[in-house]
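Here's a quick briefing to read with the model open in your viewer. Have a look at the picture first, then work through the notes.

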Amino acid sequence: MHYLAFFLCALGLQEPSSLEVVFEGRKAFPETELRMVVDRDLERYRRDPRPATLDDAVFRLKEHYKSRGYNFVAVVAERRERRLVFTLIEGPLVKLGALRFQGNTVFLRRELRDLLEGTASGRRLLFSKKLLALHVETILVAYGAKGYIEAAVADPARLYDAAEEKMDVTYKITEGRPFKIAAVGPALPGFESRYAEMAGQPYDPTTPAELEAAILDHLRERGYPHPVVVATPTIYRETCKVTIDLEVRPGKGGKVGAIEVTGNNLTRSSFIVSRASLVVGLPYRASEAREGERRLLRTGLFRQVRITPGEVQEGTDQVPVTIFVEEIKPGEVSVRAGTGSLDGPRVGADIAHVNLFGGGELVRLGGTVSRTGGRADFEVGFPWFLGSDFRPGLSLYYEQQQLPSFDVVSYGLAPSVLYPFTDKHSVTLGARYAAIRTDNVDPGVPPGDLLDFQYNAVFLATSLDFRDSALLPTSGVRVTGSIEWAPASFATDIEFLKASGRGDFYVPLPADLVFAVSVQGGVIKPLAETVEIPISLRFFAGGTNTVRGFKYGTIGERVGGEPTGGDVFFSVQTELRFRIWQEIHGAIFTDRGGVWLDSKDAAFDDTRWSVGAGIRYYTPAGALAVDVAWNPSREEGEDPVVFHISIGFPF
């Protein structure tokens with residue numbers, strides 16, 4: 001059939017460019033994915049319809065399936081007039097079965113099994129030839145690290161279990177003899193003791209490269225920007241000994257000279273040099289150059305950074321340095337959407353520009369609207385102010401909300417200064433002014449001392465973040481906290497002291513599970529002449545970020561069925577997270593929390609709880625989360641089930 005189609009196309013009776021490509025029997029993968037696999041072969045076939053080109057496409061499709069666990073796939077390509085049909089018999093999805101070993105004495109079978117199963121990251125691997133090759137390489141590397149450089153692994157024997165659809169694999173190992181290091185030299189000043197310690201140690205094939213890297217780093221840290229080191233092993237198979245001969249050429253030493261910045265169109269060269277922190281006249285050190293690269297990348301202004309030393313200038317000890325940067329586009333527009341138990345569907349957008357004046361300055365304008373109101377924000381920030389790590393900023397907002405017990409309109413501003421002690425720990429000091437107008441407070445709900453008021457306060461906030469990922473955390477801890485003080489001396493209508501905090505904890509478990517816990521709480525106390533905190537400043541619980549089995553603000557004391565809020569709140573959320581398929585994750589959870597008007601009434605027994613499950617789709621920009629929560633101890637007026645849709649994980 002292939003040859004008939006070729007001759008028909010050659011005679012002009014068929015036009016290959018108008019071919020319709022069909023994948024019959026396709027179930028495991030989307031058609032778009034299979035088209036991408038054979039796209040280049042199809043282009044070649046349309047230009048020159050030779051049977052060999054279709055054979056290449058068939059081969060690629062088979063390898064695509066086999067590398068993903070479909071070991072018995074069969075593919076046939078057939079030309080049917082103006083259709084090119086790939087018939088697929090996918091066969092079963094084959095899992096990796098039992099791992100067995102023969103000939104091993106250096107490692108226990110359990111050690112080898114644990115070593116290979118570690119590549120699964122807790123998940124059950126699918127069988128493929130690529131996986132077997134990875135296993136063989138892993139075994140040889142493990143033996144090589146112990147000096148068994150002659151170790152070999154025969155072609156793995158495979159036994160298919162059709163009933164379980166799994167492939168058992170047996171690895172036959174020939175261990176060989178252990179080789180040890182006899183001598184390393186000539187000795188380099190500063191490395192004598194290390195060379196002596198290496199004598200008698202097992203010879204690892206990676207040892208010469210590690211030696212070269214260590215000596216290069218040693219010299220570059222002492223002002224030699226262009227050293228040359230060659231480590232040459234000599235293997236004596238009769239005695240199972242290895243000597244490593246070193247050739248070291250330090251080159252000329254030098255100090256940091258003129259610094260040139262290239263690749264920057266928006267960012268000031270002076271800012272780049274300042275953040276790189278290379279000091280002209282000091283010895284050039286590779287570690288300081290690498291740290292300069294990391295400092296520049298942490299600004300978020302660059303896609304890549306490269307600091308390169310030039311040759312030491314003749315007649316001087318100056319080393320010219322080039323800093324190359326590739327800038328990220330400074331403008332950004334983002335759109336977000338979700339739905340809440342109180343405000344229903346909501347949409348929002350942000351427009352931001354980073355690097356406004358060439359020094360990482362930020363300007364952002366954003367807003368969110370829903371059926372219960374809206375909020376607008378404006379923010380300016382000046383990171384690395386005057387070349388320092390201090391980050392002053394100013395934020396302004398306007399908000400209008402219709403809440404269950406009252407309506408509120410507020411606006412304000414907050415100048416602040418953030419200082420990052422490390423990339424994990426930061427502290428923010430600032431002041432806040434807010435004007436609040438409260439209306440339509442439900443009858444019987446205590447409104448507090450004032451409905452309409454202004455306040456001025458100072459605040460201190462801190463953040464510790466040791467999570468492995470901000471978007472999809474699987475381990476680590478994040479702790480945040482703040483304290484806010486509004487005394488009479490600040491010409492404020494309401495005097496109070498407010499403190500709040502939150503801790504998020506993530507523990508990885510076997511089988512790709514993650515146990516996540518979030519604990520948060522807060523308290524606000526009236527001071528001096530203020531007797532009762534206004535309702536607009538109180539805490540409310542219930543909703544996505546506290547107890548998901550309740551609508552926003554519906555937990556705690558009520559009057560006429562409407563929540564009063566409270567001066568104290570507490571909540572704890574617990575989740576067991578797991579991967580369902582690729583970037584789709586699931587979770588089962590339970591939440592508990594409470595709100596109290598008087599701190600004396602706060603008690604864990606007086607809290608509400610809920611259980612539920614959720615699905616989250618992970619993207620590079622964040623997760624799309626859908627949670628469904630059930631209230632097992634429903635009271636009058638409460639919904640039995642509450643849905644939440646949001647961008648990002650609850651915590």
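This is a predicted model: local features need pLDDT of at least 70, side-chain atom pairs count only at pLDDT 80 or more; totals for chains, interfaces and linings use all residues.

Residues are numbered from 1 along each chain as its sequence is written, and side-chain values use heavy atoms, with hydrogens and water left out.

**Salt bridges**

- The structure has 42 salt bridges, a salt bridge being a side-chain nitrogen of Lys or Arg within 4 Å of a carboxyl oxygen of Asp or Glu.
- R35 and E31 make one of them, at 3.0 Å from N to O. The two sit four residues apart in helix α2 (residues 31-47), so about one helical turn separates them. Helices here are DSSP runs of H or I with at least four residues, strands are E runs of at least two, and both are numbered from the N terminus.
- R35 comes out partly exposed at 31% relative accessible area, and E31 is partly exposed too, at 30%. For the labels, buried means under 20% relative accessible area, exposed means over 50%, and partly exposed is in between (1.4 Å probe, protein chains only).
- R50 pairs with D48, with the closest N and O atoms 2.7 Å apart. R50 is partly exposed at 44%, and D48 is partly exposed at 32%.
- The side chains of E638 and R558 also form a salt bridge, at 2.7 Å from N to O. E638 is in the loop between β30 (622-630) and β31 (641-647) while R558 is in strand β25 (residues 558-559), so this pair ties together parts that are 80 residues apart in sequence. E638 is buried at 7%, whereas R558 is partly exposed at 26%.
- There's a salt-bridge network as well, linking R548, E575, R577, D591, R616 and D627.

- An open sheet of three strands runs in the order β1-β3-β2, with mixed pairing. Its edge strands are β1 (20-24) and β2 (74-80), each pairing on one side only. Two strands count as paired if DSSP finds at least two bridges between them.
- Neighbouring strands in this sheet are turned by 15° against each other on average, direction ignored. Axes are lines fitted to C-alpha atoms (for helices, over the stretch in contact), and angles run from 0 to 180 degrees between N-to-C directions.
- β2 and strand β3 (residues 83-89) pair antiparallel over seven bridges, with R80 opposite R83 in β3.
- Helix α2 lies across β1, β2 and β3, running at about 135° to β1.

**The β14-β15 hairpin**

- Strand β14 (residues 331-340) pairs antiparallel with strand β15 (residues 344-354) over ten bridges.
- These two, β14 and β15, form a hairpin with three residues between them, and S334 stands opposite D350 in β15.

**Helix α8**

- Which residues of helix α8 (residues 269-276) are buried? They are F271, I272, R275 and A276.
- Just after α8, S277 takes a positive phi of about 60°.

Conventions
Contact means heavy atoms within 4.5 Å.
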